[in-house]
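The following note sets out several points for a colleague who has the sequence and the model to hand. Please read the points alongside the structure.

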Amino acid sequence: MSKVKSKPKTKPAKALAKSLLTFKPRIVSFCCHYCSYGAADLAGTSKMSYPINVEIIRVPCSGRVDPLHVLRAFKEGADGVMITGCLKDQCHFVSGNIYAEKRMQKLAKELEAIGLGGRLVFELMSAGMASKWVETASSFYDQILKLGPNPLKRVKTGVKSE
Amino acid sequence: MTNEDPRIGVFVCKCGTNIAKVVDVPEVAEYAKSLPNVVYAGWQIFTCSEEGQNIIKRHIKKHKLSRVIVASCSPKLHEPTFRRTVMEAGINPFYFEMVNIREQVSWAHMKQKDEYAEATEKAKDLVRAGVYRAARLESIGATTQKVPPVCMVIGAGIAGIAATTLLADNGYEVHLVERSPALGGKSAQLGFVFMTDTCGVCVPPRHGEMARKCLSKRVILNDPKIHVYTQTEVKQFSGYIGNFQARLHSQPRGVDIETCTLCGKCMEVCPVEVPNEHDFGLANRKAVYYPFPQAVPRAPVIDFDSCTKCGKCEHACPVNAINLDEKFKEADITVGTVIVATGFDVFKPEGLYGYGEYPNVITQLMLARILDPMSPTDGQLLRISDRKLPKRVGMIQCVGSRDPNYYSHCSRVCCQVAMKHAVYIKEHWPETEVTIFYKDIRLQGKEYERYYLDAQRLGVKFYRADIAEVEEDSGKSLKLTVDHHNGTKESFPVDLLVLSAAMIPAKGAKELARTLNLEVDLDGFFREYHLKLAPVDTTTDGIYLAGACSSPRDIAEASFMGAAAASHAAIPMSKGEVEVDLAKSIVDESLCIGCANCYAVCPYSAIYMEGGVAKVIEVACKGCGICVVECPAEAIQLRHYRDKQIFYQIEGLLANVGASKK
């Protein structure tokens with residue numbers, strides 16, 4: 001199974017420790033309509049809990065997710081971005097997930113270089129794999145909790161796009 | 001996009017208590033009123049009800065809404081419903097946006113009881129994202145694509161033939177493509193088949209004329225609407241509904257079907273003898289042979305793998321029907337729809353229960369050949385090693401099925417098959433003892449219980465057991481050891497052991513899935529669009545599934561699934577055209593630099609280059625958006641999922657970051 005997880009590089013400074021106690025990461029999750037959105041739906045239908053602040057944006061295919069979308073989410077203050085697609089060889093659009101994986105692998109490296117390492121995750125699952133969706137969302141949430149808030153958040157106030 | 005003052009209406013749904021139990025719905029609706037461009041927001045108990053939809057329509061008129069948002073369940077459920085609702089009120093369906101606050105909020109967080117306030121905040125976030133996105137949506141129209149009344153059916157087994165004959169009877173032209181040299185699929189090997197115990201070769205039906213229409217009567221070959229291609233596979237495939245293009249690759253038969261008079265002289269003189277695969281080597285055949293006695297098309301076929309090209313048959317043939325130098329043939333066809341009916345294979349249980357090691361361990365399909373009156377054994381029960389009547393026959397169920405090490409599915413027919421064979425053996429050779437070792441007996445539906453009762457009446461023994469070991473003794477008989485999982489073991493001697501091996505996807509199904517761009521499930525069967533709501537449809541419009549290629553099925557099921565696929569394929573063909581919405585990729589030619597990146601990544605060949613710019617074949621485009629990300633000039637966009645629309649949705653979702661307490 002493919003995993004794009006750049007290793008967390010920096011640890012939150014001690015000074016921030018207090019504010020971190022109240023830190024609730026905001027996570028934007030791009031789900032492909034055919035598989036991972038279905039997995040998230042099934043997680044809901046099965047009443048499986050996952051962190052509330054994981055919020056979904058539906059796209060037709062993980063191959064539609066542009067690195068620019070991820071960057072925009074970070075710019076707007078997302079603490080983490082989660083991209084999920086269909087299993088290999090099972091992409092509804094044949095190869096969208098393969099392109100998505102390549103793009104996100106590349107992006108993960110670039111994010112690391114600008115201090116956003118570890119804030120992007122890419123996972124593949126079928127529409128029936130609700131537990132995988134919940135696991136991915138929960139463990140990624142924990143990972144972001146350890147990383148602390150997105151540093152760009154401080155910049156955001158007052159900065160509006162377009 | 002010119003969106004002067006979009007007027008957005010937000011309808012938040014309680015879904016009875018499904019949403020309202022967790023999310024404070026009136027609060028979400030109240031909040032929505034504060035969002036940009038929202039001119040109306042309210043809540044309902046069941047938005048999807050007739051009444052709820054009428055309320056939406058009333059508010060559209062009253063507030064002159066130009067965009068509608070429903071915050072309720074998953075769009076996978078009711079997006080089509082509400083798109084229709086807004087359309088009826090005169091709004092373009094793509095001006096409708098659905099926000100999922102049930103599966104993603106109330107249900108997902110139902111168990112986090114002390115966090116319901118936060119769940120309400122999440123619902124607000126999602127509604128806000130929807131509002132931002134809705135303001136940027138665009139009106140999208142539809143186009144039509146002509147669908148010619150021509151269908152390609154791949155696979156000439158029960159399902160394929162049922163579909164073919166039905167379509168032809170309804171006046172459609174059918175190209176029937178079969179990989180093997182004869183029609184009939186696996187049913188031709190079955191001998192007699194349940195539930196009627198009739199001849200397997202005669203099964204493929206045409207309403208009510210079973211006997212006369214059986215395969216050996218050549219109805220399919222004589223029908224002017226049906227083009228049969230044997231020894232043929234689909235080599236290349238492209239296109240879209242109404243315009244599928246297939247390249248068919250046919251192996252040489254060596255014998256001309258039209259000139260051959262069936263005199264059989266070629267088979268007399270042929271010096272080569274090899275085991276006959278149809279009968280699992282129970283007898284030999286020549287290199288020029290009939291695949292089986294009633295095989296259709298009714299002409300011998302040359303097996304060029306074993307043929308030595310000695311030329312004797314060519315000399316012997318009185319009508320010069322034989323051509324040993326025949327080459328493969330290729331044909332290009334264009335069809336409107338496709339039915340995939342490639343059937344199944346029987347799992348080869350190599351290494352299990354002594355199969356492949358001991359001669360007297362066989363599969364049910366081979367037993368079917370032995371018991372078939374048309375087989376080389378003349379239907380006499382015998383065991384392989386000494387060709388004598390076995391006194392004790394053992395059958396093991398679920399070999400390879402329901403087994404996490406092999407295939408997880410139940411093959412569904414094995415219980416019936418074992419029961420049918422057990423009854424047949426007891427009826428004809430009452431002295432022979434038959435024992436069935438099973439995990440569960442699964443015989444459902446009309447008529448099948450009768451086999452079970454008959455088996456019990458005739459003294460077939462049933463033994464629920466886990467077979468630990470199979471050993472061969474000096475007389476080539478077998479000793480089965482049953483592990484009772486309590487420290488004790490028990491032995492059963494049998495003379496012939498029959499394994500009920502799993503039904504698995506046909507060989508080459510994976511390659512075909514890639515050629516036709518079909519989805520497969522974890523066991524390798526083709527995946528239907530929806531198991532219950534669209535069981536013969538695939539995710540590609542115009543391609544349908546029939547028979548055991550999508551799941552293990554029995555003959556009756558394969559037969560009516562063939563009919564179902566035919567009726568589905570007939571819908572676009574009888575209308576003559578399909579409506580295709582244009583939520584597809586679109587190129588801004590003034591920005592396109594002609595780099596062809598989009599052309600290179602499109603999985604559907606929906607993009608072509610012309611005059612230095614990319615062009616999209618809208619009917620072929622499936623709307624995945626892979627191309628959009630590749631474009632360095634931002635010239636190509638996917639309508640309904642434009643970059644702008646996604647950016648604003650992200651912005652809306654995160655608009656409260658840093659701004660509020662959250």
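**Note on chain B**

1. In this predicted model, helix 1 and helix 5 of chain B are in contact. From helix 1 of chain B, the residues concerned are Glu27(B), Val28(B), Tyr31(B) and Ala32(B). Their counterparts in helix 5 of chain B are Thr120(B), Ala123(B), Lys124(B), Val127(B) and Val131(B).

2. Two packed helices are described by the angle between their axes and the distance between the axes. Here, helix 1 spans residues 25-32 of chain B and helix 5 spans residues 116-135 of chain B. Their axes come within 10 Å and cross at roughly 35 degrees. The crossing of helix 1 and helix 5 of chain B is right-handed.

3. As to the chain as a whole, chain B contains 17 helices and 34 strands. Its C-alpha atoms occupy a box of roughly 90 × 70 × 45 Å along the principal axes. Chain B has 662 residues, of which 49% count as buried. Among contacts in chain B with a separation of 6 or more, 70% involve residues 24 or more positions apart.

4. The domain assignment of chain B places residues 8-140 in domain 1, 252-327 in domain 3, 345-504 in domain 4 and 582-639 in domain 5. Domain 2 is assigned as 150-242 + 331-341 + 519-530 + 542-576.

5. What distance separates the centres of domain 4 and domain 5 of chain B? Taken over C-alpha atoms, these centres lie 57 Å apart.

Methods:
Residues are numbered from 1 along each chain as its sequence is written. Chains are lettered from A and ligands numbered from 1 in the order in which they are written. This is a predicted model: local features need pLDDT of at least 70, side-chain atom pairs count only at pLDDT 80 or more; totals for chains, interfaces and linings use all residues. Helices (H or I, at least four residues) and strands (E, at least two) are DSSP runs, numbered from the N terminus. A residue is buried if 20 or more other C-beta atoms lie within 10 Å of its own, exposed if 12 or fewer, and partly exposed in between; C-beta atoms are placed from the backbone. Two residues are in contact if their C-beta atoms, placed from the backbone, lie within 7 Å. Domain bounds come from an automatic or database domain assignment. Axes are lines fitted to C-alpha atoms, for helices over the stretch in contact, and angles run from 0 to 180 degrees between N-to-C directions. A crossing is left-handed if the near helix is turned anticlockwise from the far one by less than a right angle, and right-handed if clockwise.
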